[in-house]
Amino acid sequence: MPPTAFGNHSPNNKTIHTLIFKKTTLFNTSTIKSQYVVWLLITLVLQALIIVYYTRRAADSPSPPSTPELLLHKQFPAVPSDDNNQIKCDLGKVFVYDLPPIFNKELLDKCHDLDPWSSKCDAISNGGFGPKAIGLQGIVPMNLTPSWYWTDMYSAEVIYHVRMMDYKCRTLNPNEATAFYVPFYPGLAIGKYLWFNYTSKDRDWHSEMLLNWLKNQPYWKKQNGSDHFIMFGRLTWDFRRLTKSDKEWGSSFIYMPLMKNVLKITVERSQWDPLEISVPYPTAFHPKSESEILNWQKYVRNRKRDKLFCFVGATRKKIKNDFRGILMNYCKKERGSCRVVDCSVTHCYDGAPAILEAFLDSDFCLQPKGDGFTRRSFFDCMLAGSIPVYFWKGSFKDQYQWHMPLSSETYSVFIDHKDVRNGTESIIKTILEKFSREDVKKMRETVIDIMPRFLYGSSSRGLGNGKKDAFDITIEGVLRKFHHQQKLKQKKKIN
């Protein structure tokens with residue numbers, strides 16, 4: 001027998017097993033210790049990297065920061081201080097619900113999945129303003145271009161939430177609140193479910209979940225939601241489905257029983273709903289201060305315009321006798337008087353340079369209906385100092401009553417679409433030519449004067465110097481309405 005590791009002696013089985021066990025134990029102990037050291041080092045390195053990452057991230061202060069960051073509620077004071085430390089909230093204060101993330105933040109986190117055709121991540125970036133605008137050289141004064149963004153027409157839900165979090169009359173104490181803001185994004189939630197083979201249950205899911213959560217909140221129960229409000233970034237008609245049919249458009253959110261007392265803020269309201277208020281669509285210009293507004297107003301006022309009117313849009317071939325097609329063909333025939341931007345040829349994304357330039361070069365702009373009676377283009381047109389010409393009374397009647405003068409004829413022109421359809425489209429030029437240069441100047445001055453009222457500033461403090469933008473006017477209107485409501489209830493109790 002050849003020699004072994006034990007010498008010339010052949011050990012018995014018990015001895016062999018004992019030695020093997022001791023050796024294995026020593027080996028395993030050594031291995032565990034080394035693995036522990038390695039994992040400890042990896043953990044320390046990862047912690048260091050995380051600290052460095054967040055330190056650098058905190059050091060950066062983009063203006064404005066991206067929306068998901070802005071929606072971290074802890075970053076906002078309950079009542080921000082102003083320069084004079086004298087914030088007046090005579091109409092009351094607003095309490096902002098901290099909703100479960102599924103109703104707002106998770107929608108932003110899943111921005112690639114909000115639309116069936118394209119990502120919405122750009123649209124909801126920069127606090128809802130969208131990406132920074134480019135290609136405006138020679139169209140917008142250079143000192144103002146940093147305040148221009150490609151803002152999506154349906155992004156108001158995000159814009160209002162971001163501004164509300166730093167609103168001067170926001171409170172963290174619900175017992176102090178006159179109004180309760182529910183920062184749900186109904187437009188973003190329903191976006192992709194409006195199309196294709198989704199069911200009515202799919203379209204109602206987020207809304208039903210929200211109301212199930214709200215009805216259990218103590219401050220909802222106190223007034224049955226009558227001092228609560230929600231911002232709708234899309235048209236009211238997207239939330240007024242009457243039946244449970246999968247084929248019918250939209251969700252039934254507004255018609256759900258628990259919504260009967262809630263104030264709705266929408267970009268287009270139903271004139272038959274007294275608890276619905278319409279607010280301006282967001283445009284591309286988000287001024288940082290009153291001085292930027294004044295600079296833009298001066299620029300628009302002095303702009304030389306070489307066209308009587310313009311039309312911006314695309315025909316809708318699937319719609320029989322499409323009114324946009326009528327306007328498009330008419331405008332192309334009147335090249336000497338009308339400037340046309342055909343959006344089937346030109347890329348007409350939100351606030352595109354070609355659109356802005358057409359409005360800046362024209363005294364009037366033709367505004368047919370959009371997806372509803374109203375159209376974001378109304379405000380793009382007025383932003384450029386052009387006078388809107390509309391063809392359906394519902395486009396301005398009973399819309400934007402808090403933001404626009406009640407006498408729409410002081411800043412716009414109405415021509416009945418029926419007269420244009422009846423083969424007399426030349427009536428457009430005939431009517432517009434009747435306005436004298438002095439008339440046009442006066443109407444444009446009205447448009448310029450009301451400009452701050454339909455713009456959304458980029459500063460959380462508004463435009464400054466007491467100048468109110470569209471957001472300020474909206475929230476003051478909400479507070480005024482609820483404040484008046486409280487007074488009436490108090491009088492009834494006394495009587």
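Why is the disulfide of C343 and C348 left-handed? The torsion about its S-S bond is about -90°, so the link is left-handed. This is a predicted model: local features need pLDDT of at least 70, side-chain atom pairs count only at pLDDT 80 or more, and totals for chains, interfaces and linings use all residues. Residues are numbered from 1 along each chain as its sequence is written, and side-chain values use heavy atoms, leaving out hydrogens and water.

**Disulfides**
- The whole structure holds five disulfides (pairs of cysteine sulfur atoms within 2.5 Å).
- C343 and C348 are joined with an S to S distance of 2.1 Å.
- C343 is partly exposed, at 24% relative accessible area, and C348 is partly exposed at 23%.
- Here buried means under 20% relative accessible area, exposed over 50%, and partly exposed in between, using a 1.4 Å probe and protein chains only.
- C365 and C381 also form a disulfide, with sulfur atoms 1.8 Å apart.
- Both C365 and C381 are buried.
- C310 is buried too, at 0% relative accessible area.
- The closest cysteine sulfur to that of C310 is in C365, 5.4 Å away, which is too far for a bond.

**Cores**
- The largest nonpolar core has 71 residues, and W148, F229 and W296 touch the most other members.
- Such a core is a set of buried Ala, Val, Leu, Ile, Met, Phe, Trp, Tyr and Cys residues joined through side-chain atoms within 4.5 Å.
- Another core lies apart from it, with 34 residues, including L108 and F239.

**Whole protein**
- Of the 495 residues, 49% count as buried.
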